[in-house]
Amino acid sequence: MNEKVDVLIIGAGASGAAMAWSLADTRMRILCLDQGDWQNTSDFPSNGRDWEARLTEDFALSPNRRRLSADYPVNDDDSPIKISNFNGVGGGTILYAGHYPRLHPSDFRVRSLDGVADDWPIDYETLEPFFALNDRMMGVASLAGDPAYPEKDQVMGPIPLGRTGQVLGKALNDLGWHWWPSDAAIATREYEGRAPCINLGQCGSGCAQGAKGTTDLTYWPEAQRARVEIRPRCRVSRIETGPDGMATGAHYFDADGKEHFQPAEIVILACNGIGTPRLLLNSASGRFPNGLANSSGLVGRNLMLHPYAQIRGHFDQPMDGHRGSPICIWSHEFYETEAARGFVRGYCYQFSRGMGPVRTATTGMADGLLPWGEDHHDAFRRLFGHSAGMLAICEDLPEEHNRVTLDPDLKDANGIPAPKISYRLSENSRLMLDHSVERGVKILKAAGARDITTRAPLPYAGWHLMGTARMGTDPERSVVNEWGRSHDVKNLFIVDGSVFVTSGGVNPTSTIQAVALYVADQIKTRLYELFD
């Protein structure tokens, strides 16, 4: 029998790490369980010549492709966008690009501004100090003064524009459209023991150099020094509740498949938009027959995934190739609603550098730009090191029919029911994707690109998992309250992307961590009346 802890955090990724670090100064006994392990940077693909092959194998974004012992299967057959994640200490930050925008102030007031979805119960101004704190903890490189955002501090100078940023930035200037160097959780100078980026270009497969801000390097070392315990390779199967309806702890399987129970005074979920509803639904009981914290029936519903469009072109002049941080600049020109476009809300562009040799070849073949035969090598030379482009990240409005349920047949290695995804693109998203493709092609033509290709939606791009345990003040329309506590179970908190009310049109990690720090602050502030 494990000794009881004050706080049990489930999930050691972006939000779990921020929460653990923040709560550590309470001197409560804090334990974090994660189904994955610590990462050894010497095992990352960038250490070997087969780095591109491994991106389709043990470092693939899809858990169904990766199939590591830390992974669980996801039935995403009923979705045009397939699920991506990473399970381990650091979570999704291990494989993310380090691209680090915040939600805009308008994203918290979508109902008020545009008459769709719902407003958040908190606003940008409430989160602003936690955004700033998180930027310092993660080590965010940026250029102050971006007109797309309220004023914010610069922790360190921005990542280099490179030739890609210069060429595409000039095209955007010619069009009169907004652009700015991207905020990135990538060190551009010595920062808190992290060396500056040397442009390995391997952000998406684990940064072997340690320049990228991953929570195994940022939050966790400090949390551990403050006596927070991480217990890796422990997969939680269900949360237990007592006769009073309060959470009493969690059952989990260790690395040897042995089942344990970990008692706790407070349970905090940080498993993101798929893992959190899966665990809540798997925690159904006689008292909570439809799943834990699910009196609203909204656990698993309102799944938002950010539909992506990809627009790429090729240039006669050499570009950056695959070296350097993948994303260099962004444009928020089309972020806010404009009625003439025919859809509500909007999207941002993140502009990206080139691809490695294998991906250049495979995508060149798929796009009909790389023929077999006599011209093969000349055609490859015209593509490799000559490409650049962009991704459009479209705001995905919440719809209850987009949801996570439990698959009746599929189970993980411990016999725990796996999640099943049911997701449909809305007409609003389709119109937004079409608009982004048309404008993206215009940007590339203005930059002088040839051989322009487009894809929308990108099928293997379900990186951002949001909305499945939404935040709100009405217990009938939300799962947790305005400070992350379950409406139904007063010692159960949720701090990951599942609490998002709307998705915005940017990568969510910065906002997920700001929300986690805000909820931690609320817990500390309300400690003596936490369960009232």
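1. The UniProt record, in an unreviewed entry, places the domain "Glucose-methanol-choline oxidoreductase C-terminal" at residues 398-516; UniProt positions are given here in the numbering of this structure, feature names are shortened, and annotations may be inferred rather than shown by experiment. In this span the end C-alpha atoms lie 21 Å apart, and 24% of the span is helix and 20% strand, where helices (H or I, at least four residues) and strands (E, at least two) are DSSP runs numbered from the N terminus. This is a predicted model, in which local features need pLDDT of at least 70 and side-chain atom pairs count only at pLDDT 80 or more, while totals for chains, interfaces and linings use all residues. Residues are numbered from 1 along each chain as its sequence is written, and side-chain values use heavy atoms, with hydrogens and water left out.

2. The record, again in an unreviewed entry, also gives a domain "Glucose-methanol-choline oxidoreductase N-terminal" for residues 166-307. The end C-alpha atoms of residues 166-307 lie 27 Å apart, and this span is 20% helix and 21% strand.

3. Which residues touch the most other members of the largest nonpolar core? They are Trp 220 and Ile 268, in a core of 95 residues; a nonpolar core is a set of buried Ala, Val, Leu, Ile, Met, Phe, Trp, Tyr and Cys residues joined through side-chain atoms within 4.5 Å, and buried means under 20% relative accessible area, with exposed over 50% and partly exposed in between (1.4 Å probe, protein chains only). Helix H12 (residues 509-525) supplies the largest share of this core, namely nine residues. Another core lies apart from it and has 41 residues, among them Ile 274, Met 319, Ile 443 and Leu 444. In soluble globular proteins, nonpolar side chains tend to be buried together.

4. With residues up to four places away in sequence left out, Ile 268 touches Val 7, Leu 8, Ile 9, Ile 10, Met 19, Leu 23, Phe 493, Val 495 and Ile 523, where contact means heavy atoms within 4.5 Å.

5. Helix H1 (residues 14-23) contains Ser 22, and it also contains Ala 14. Ser 22 counts as buried because its relative accessibility is 7%, and, with residues up to four places away in sequence not counted, Ser 22 touches Leu 517, Ala 520 and Lys 524. Ala 14 likewise counts as buried, at 16% relative accessibility, and, with its neighbours within four places in sequence set aside, Ala 14 is in contact with Gly 90, Thr 93, Thr 215, Thr 509 and Gln 513. Ala 14 and Val 495 are 481 residues apart along the chain, and their C-alpha atoms are separated by 9.8 Å.

6. In helix H8 (residues 272-282) one finds Leu 281, which is buried, with a relative accessible area of 16%. Apart from residues up to four places away in sequence, Leu 281 touches Asn 290, Gly 291, Asn 294, Val 299, Val 404, Thr 405 and Leu 406. The C-alpha atoms of Leu 281 and Glu 374, which are 93 residues apart along the chain, are separated by 58 Å.

7. How many aromatic pairs does the model have? The count comes to 16, under the rule that rings of Phe, Tyr and Trp (its six-membered ring) pair if their centres lie within 6.5 Å, with planes under 30 degrees apart counted as stacked, over 60 as edge-to-face and the rest as tilted. Phe 334 and Tyr 347 form a stacked pair, at 5.6 Å centre to centre and with 25° between the planes. Phe 334 sits in the loop between strand S10 (327-331) and strand S11 (347-352), whereas Tyr 347 is in strand S11, 13 residues apart.

8. Phe 334 is buried at 7% relative accessibility, and Tyr 347 is buried at 0%. The pair of Phe 334 and Tyr 349 is edge-to-face, because the ring centres are 6.4 Å apart and the planes stand at 90°. Tyr 349 is buried as well, at 1% relative accessibility. Ring pairs link Trp 177, Phe 334, Tyr 347, Tyr 349 and Phe 351 into a cluster.

9. Two charged side chains deserve a look, where a charge sits over a ring if NZ of Lys or CZ of Arg is within 6 Å of the ring centre and within 35 degrees of the ring normal. Lys 152 lies over the face of Tyr 149, at 5.2 Å from the ring centre, and the charged end of Arg 278 sits over the ring of Tyr 72, 4.5 Å from its centre.
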